[in-house]
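Subject: Structure handover

Hi,

Here is the structure we talked about. Please open it and keep it beside this email while you read.

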Amino acid sequence: MNKPEGTASNIQSTLAENRLFPPPAEFAGKARIDSKRLTELRAEAEKDFVSFWAKLAREELNWKQPFSVTLDDSKAPNYRWFSDGKINVSYNCIDRHLATHGDKPAIIFEGEPGDVATLTYKQLHAEVCKLANGLKSLGVVKGDRVVIYLPMIAQAVIAMQACARIGATHSVVFGGFSAQSLRDRIEGASAKLLITADGGTRGAHVVELKKAVDEALAGGCKCIESVVVYKRTGKPIEWTRGRDVWWHELTEKASATCEPEWVDAEHPLFMLYTSGSTGKPKGIQHSSGGYLLGAHVTSKWVFDLHDADVFWCTADVGWITGHTYIAYGPLSNGATIVMYEGGPMTPDPGRFWKICQDHGVTIFYTAPTAIRALAKMGEQIPKRYDLSKLRLLGSVGEPINPEAWMWYHRVIGKEKLPIVDTWWQTETGAILMSPLPGATATKPGSCTQPLPGIFAEIVDEAGNLIQGNDAGGYLVITRPWPSMLRTVYGDNERYLSTYWSQFGDPLTARAEKRPLLYVAGDSAHRDKDGYYWILGRMDDVLKVAGHRLGTAEVESALVAHPRVAEAAVVGRPHEIKGEGIVAFVICKGERPTGKEAEALSRELREFVSKSMGPIAKPDEIRFTDALPKTRSGKIMRRLLRSVAKDEEITQDVSTLENPGIVDQLRGRA
Ligand code: PRX
C-alpha cells in the first residue's frame with residue numbers, strides 16, 4: 001500500500017470547512033435516535049461491545065434457533081458471529097412482516113420507459129417463494145452458488161431473496177459489466193445457475209444481457225447447468241435448449257409457499273466481487289446473521305426508518321449499496337422501497353426528482369457523482385417538482401465535496417433536511433460511519449463519527465494509534481463487527497494479507513493477544529471535534545463515478561490488445577465522476593503519432609469498454625516510448641498522476657531510470 005499521498009489539497013479544503021449544521025429540531029423530536037439515545041448506545045457499546053451486539057441481534061432479528069455464542073474470535077481475523085444460531089434472511093425480510101404489513105407496498109418499481117409496478121409484502125412473498133421453488137426444481141440446493149445478472153428491476157431483489165430463502169449463495173454481477181467480467185465471476189464462484197433477463201433499458205438503450213450471457217458461456221463455464229431468463233424487453237434473443245428456461249414458465253405452476261431453509265448464522269448469504277490492488281477482483285464473502293444485523297440496524301438508525309417512509313436508494317443491485325440498502329436492510333425493517341431501472345438523465349435530467357414526486361419518496365440516498373451531475377444541470381430543474389415529502393437525504397460511495405454537499409442541502413433539502421454522508425465498503429457490509437440524522441450535527445464533506453458498536457482509529461505508517469484529535473493517516477477498525485466480510489471466496493490468504501497484515505502478521509497478533517487492525521485502505525483525517533474526513537484510497541484503487549476499479553485491472557485489459565506492450569493507468573480528478581482514467585501506453589513497434597494515434601486511442605478506449613464494461617473506459621490514452629520507472633523497476637505512479645493532471649512536477653525525478661521521458665509523457669517531446 002502506498003504512503004498517504006496526493007491528499008494534501010483535500011486536507012487543506014476539509015480543514016478549511018467549518019460550517020456546522022445541527023440536526024433540525026423538528027426532525028430530532030421524532031427521530032428514532034436522538035442525541036440522548038445516541039450517547040446511551042455509545043456508552044453501552046463502549047462498556048461491552050459483544051453484549052451490545054448480542055442484545056441487538058436478539059431484539060431485532062427472528063431466529064429459528066437462538067445463539068449462545070455471540071463472538072467466536074478463536075480463529076481471528078476469521079471472526080464468527082452468532083455461530084450456533086439458525087436464521088433465514090428471507091424470512092426476516094418478508095415473512096415476519098406478513099401478519100402486520102402484508103398489504104403494505106414492499107417494492108414500487110419504475111421502469112425507464114415509465115411502467116410502474118407495485119409489489120406488496122404478500123405479493124413479494126409469493127414471487128420469492130415461486131422462484132425459490134423453481135430454483136429447487138432445477139436442482140439448486142443449500143450452498144450452491146447462483147449468479148444474478150439482471151437489470152435494476154424488482155426481479156433482481158426477488159432473485160436475491162429466493163436464493164436467501166433456500167440457502168443458495170448469490171453472486172450478483174453488475175449489468176454494466178462485460179461478458180468477460182461475467183465469465184470470470186461465474187467461474188470464480190463455480191456457479192450452478194445463472195439468472196438473467198432478455199435485456200433492460202438504460203439511457204434509452206437496450207442493454208443486451210442475454211447476449212452477454214451467451215458470449216460468457218460460449219465454450220466455457222461448464223459449471224452452469226441452467227440459465228433462467230426473465231422477459232423484460234420482449235426483444236428476440238438466442239435460446240439454448242436444455243439450458244435456458246423462461247422465468248415465467250419456471251414459476252407459473254410453482255407453489256407460492258416455500259419453507260425457508262434455516263441456515264447457520266455464518267452460512268454465506270452472498271459473495272460480491274470488488275476491485276483491489278491486483279488485476280484480479282476478489283469475491284467478498286458475507287454471512288447471513290451478522291450481515292443481516294448490520295443491514296437492519298443501520299437502515300433503522302441512519303435512515304431513521306418509520307412506517308410511512310418511502311425509501312429510495314438509487315444504487316444498482318450490482319454493488320454492495322444495492323444489496324444492503326435495497327435488497328435487505330429496508331425490507332428487514334418492513335419499509336417501502338422504490339427501485340428505478342434507468343438512467344438519471346432519461347428522458348431528461350428531471351427524472352430523479354419526478355420519481356421522488358410521483359412516488360412520494362421521503363428518504364433519498366444517492367452518490368456524489370449523481371449529485372454533481374444533476375447540480376450541473378441547474379437548480380431550476382428540481383424546482384419544477386414537488387419534493388415536499390422528502391425528509392432525509394443521504395450520500396455514499398466516495399467523498400462528497402463540500403460544494404456538492406451544499407447544493408444538495410440548499411436545493412434539494414431546502415436548507416431544512418438532514419444529510420447523512422455514509423462511509424462504508426463492500427467489505428464492511430453496512431454503514432460504519434455516518435451522522436445519525438436526529439442526533440449528529442453535520443459538517444459538509446465529513447462522514448462524522450463511527451456508529452455505536454464500531455471502533456475506528458487512525459494509525460501512522462507503523463500502525464501506531466494516533467492519539468487525540470486533529471490526526472491524519474490510515475483508517476483502521478479496531479474491533480470486529482457483525483456485518484464484516486468473512487473471507488475472500490476461495491482465498492483466505494488474500495483475506496489475511498489484504499485487510500489484516502499491513503502492520504504485522506495477524507496470526508502472531510492473535511497468539512499474543514494483541515488487537516487486530518482491519519485496514520480499510522482509505523486515508524482519513526480526524527478533526528479537532530473527533531469528526532472523520534475520508535481523503536481517498538491509499539491503494540491502487542480508483543473511484544470512477546463511485547465505482548471501484550483497480551488500476552491493475554484496466555492495465556491488464558489494455559495489454560490484452562495486440563498493439564499494446566505495456567500500460568500504466570492512473571486516476572485524474574474529474575468534475576462529475578470524481579475520478580477519470582488516464583492510461584499511458586507503450587505500443588509494440590513504433591509509437592503512433594497524429595491521426596494514427598487518434599485512431600488507436602479510440603480503438604483502445606473501446607477495447608477496454610468492451611472487455612470490462614463502459615465504466616472502465618479511459619478518458620484519455622497517451623502513447624509513450626517508456627514509462628517512468630525507478631532504478632528498481634517500479635512505475636512512478638505519483639509522477640504519472642501529476643503528468644495526467646498537467647501539474648508542475650514537484651517530485652524528485654533524480655531516481656528515475658529514464659528522466660528524459662517526462663517531457664514525452666507531457667506531450668512536449
Ligand atoms: O474510499 C471509500 C469510498 O468507497 C470505498 C468503498 O468502495 P465500495 O466497496 O465500492 O463501496 C462503496 C459503497 C459503500 C471506500 O473505501 N467511500 C465510500 N463511502 C464513502 C467513501 N469515501 C468517502 N465518503 C463516503 N461516504
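Below are notes on confidence, salt bridges and the ligand.

First, the ground rules. This is a predicted model, where local features need pLDDT of at least 70 and side-chain atom pairs count only at pLDDT 80 or more, while totals for chains, interfaces and linings use all residues. Residues are numbered from 1 along each chain as its sequence is written, and side-chain values use heavy atoms, with hydrogens and water left out.

**Confidence**

The predictor's confidence in each residue is called pLDDT and runs from 0 to 100. The chain averages 95, and 97% of the residues score at least 70. Helices (H or I, at least four residues) and strands (E, at least two) are DSSP runs, numbered from the N terminus. Confidence is lowest in helix α1 (residues 8-15), with a mean of 54. Helix α7 (residues 154-166) has the highest, at 99. Treat residues 2-9 with care: pLDDT stays under 50 there. The model has 14 contacts (heavy atoms within 4.5 Å) for that stretch beyond four places in sequence.

**Salt bridges**

A salt bridge is a side-chain nitrogen of Lys or Arg within 4 Å of a carboxyl oxygen of Asp or Glu. The structure holds 49 of them. One joins D307 and K104, at 2.8 Å from N to O. D307 sits in the loop between α11 (289-302) and β16 (310-313), and K104 in the loop between α5 (89-101) and β4 (105-110), so the pair ties together parts 203 residues apart in sequence. K104 is buried, at 12% relative accessible area. Buried means under 20%, exposed over 50%, and partly exposed in between (1.4 Å probe, protein chains only).

D522 and R537 form another salt bridge, with the closest N and O atoms 3.8 Å apart. D522 lies in strand β24 (residues 518-526) and R537 in strand β25 (residues 532-537), so this pair links parts 15 residues apart in sequence. D522 is buried at 7%, whereas R537 is partly exposed at 22%.

There is also a network of salt bridges: K36, R37, E40, E44, K55 and E59.

**The ligand**

Which residues are closest to the ligand? They are D421, T422, T426, D522 and R548, out of 17 that surround it (a heavy atom within 4 Å). A polar side-chain atom of R548 lies 2.6 Å from a ligand oxygen. The side chain of R537 places an N or O atom 2.8 Å from an oxygen of the ligand. The protein covers 95% of the 540 Å² of accessible area that the ligand has on its own (Shrake-Rupley method, 1.4 Å probe).

Best wishes

Terms used. A polar contact is a pair of N or O atoms within 3.5 Å; within protein, one must be able to donate a hydrogen and the other to accept it, and residues adjacent in sequence count only if both atoms are side-chain atoms.
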